[in-house]
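Dear colleague,

Please find below the structure that I am handing over to you, with a summary of the findings after it. I would be grateful if you could read the two together.

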Amino acid sequence: YDESVEPKELLTQASAILGNGQLSLAKYLLITDDAQKVDIHDIPAFFTHALERVDWRRDLHFTTRTTIDTLDYSGHALNLGSKLTVAAAGPAIRKLPTTLPASLDLPAGFDQPCVVAPGIIAINGPKATAERGSGDALVEAFCASFTGDDPINSFPLLLIVDDSEFVAADFDNFLWVAFTRSNPATDVYGIGSETRNKHWGCTGALVIDARSKPHHAPPLLDDPEIEKRVDALGVKGQPLHGII
């Protein structure tokens, strides 16, 4: 990779962000050096900007066994988890695809790939069974089934999920699933991964295991019967009339 665009100062700024009050509870931080070219409030555009520039061999910076939000159920234990800073610097190094590769061949148990956004694919995986704080051998095998020149690597970011159609239906769904159902230290993998001087990276696509795990909190689902009872409290003459 090009050492001339090594994101040195970005990491200084990232450290300041992660040391600032409640921001210290952030689990993922994406930061770029060209943010003036994109509105950071346009989150899909920001992801496109970052994924066009990120070099997974260089730009992944983990903080392991650290404090996380008490309400975050994805970590190793209560208040214990990890963080991942993605610092993407320099000019664009790739053009992000928007259609699935014609020759995409997934290993057994993985199916229904859906394009979420430019450069991002969600793929259904087997039901997660790994114990809390442990990686998943099936996802490791998934990554090992591809070579560096496989067409899937044209997409820099892959998600292993329970419902790929749901994830791809709305960008907010992607954000919710990808970053609430994963703990960076245990759930981030890569095609062609390697550790060099204690720095982990990958030559191919980054893979996030964003499936629901056995230790995760169950989903909150609407109960139509309770909704009716609450709505009844809002009719005229009832205590919540004019409030709901």
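Setting aside neighbours within four places in sequence, Ile 120 is in contact with Phe 47, Leu 51, Cys 114, Val 115, Phe 155, Leu 157 and Phe 174. Please bear in mind that this is a predicted model.

Ile 120 also belongs to the largest nonpolar core, which has 29 residues. Those with the most contacts inside this core are Ile 120 itself, Trp 56, Val 167, Phe 174, Phe 179 and Ile 208. At least two core residues come from each of the helices α2 (43-53) and α5 (171-180), and likewise from each of the strands β3 (80-88), β4 (111-117), β5 (120-124), β6 (157-161) and β10 (206-209). The largest contribution is that of α5, with six residues. As general background, nonpolar side chains tend to be buried together in soluble globular proteins.

**The three-stranded sheet**

The model contains an open sheet of three strands, in the order β1-β3-β2, and its pairing is mixed. At the edges are β1 (28-32) and β2 (60-67), each of which pairs on one side only. From one strand to the next, the twist averages 15 degrees.

Strands β1 and β3 run parallel and are joined by five bridges. Tyr 28 has Leu 84 of β3 as its bridge partner. Helix α2 packs on the sheet and touches both β1 and β3, its direction making about 75 degrees with that of β1.

**Cysteines**

How many disulfides does the count come to? The count comes to zero. Cys 143 is in no disulfide, and the nearest cysteine sulfur, that of Cys 202, lies 8.1 Å away.

With kind regards

Key
Residues numbered from 1 in each chain as written. Predicted model: local features only at pLDDT ≥ 70, side-chain atom pairs only at ≥ 80, totals over all residues. Heavy atoms only, no water. Core = buried A, V, L, I, M, F, W, Y, C linked by side-chain atoms within 4.5 Å. Buried < 20%, exposed > 50% of the residue type's maximum accessible area, 1.4 Å probe, protein only. Helix = DSSP H or I, 4+ residues; strand = E, 2+ residues; numbered from the N terminus. Contact = heavy atoms within 4.5 Å. Disulfide = S-S within 2.5 Å. Pairing = 2+ DSSP bridges. Axes fitted to C-alpha atoms, helices over the stretch in contact; angles between N-to-C directions.
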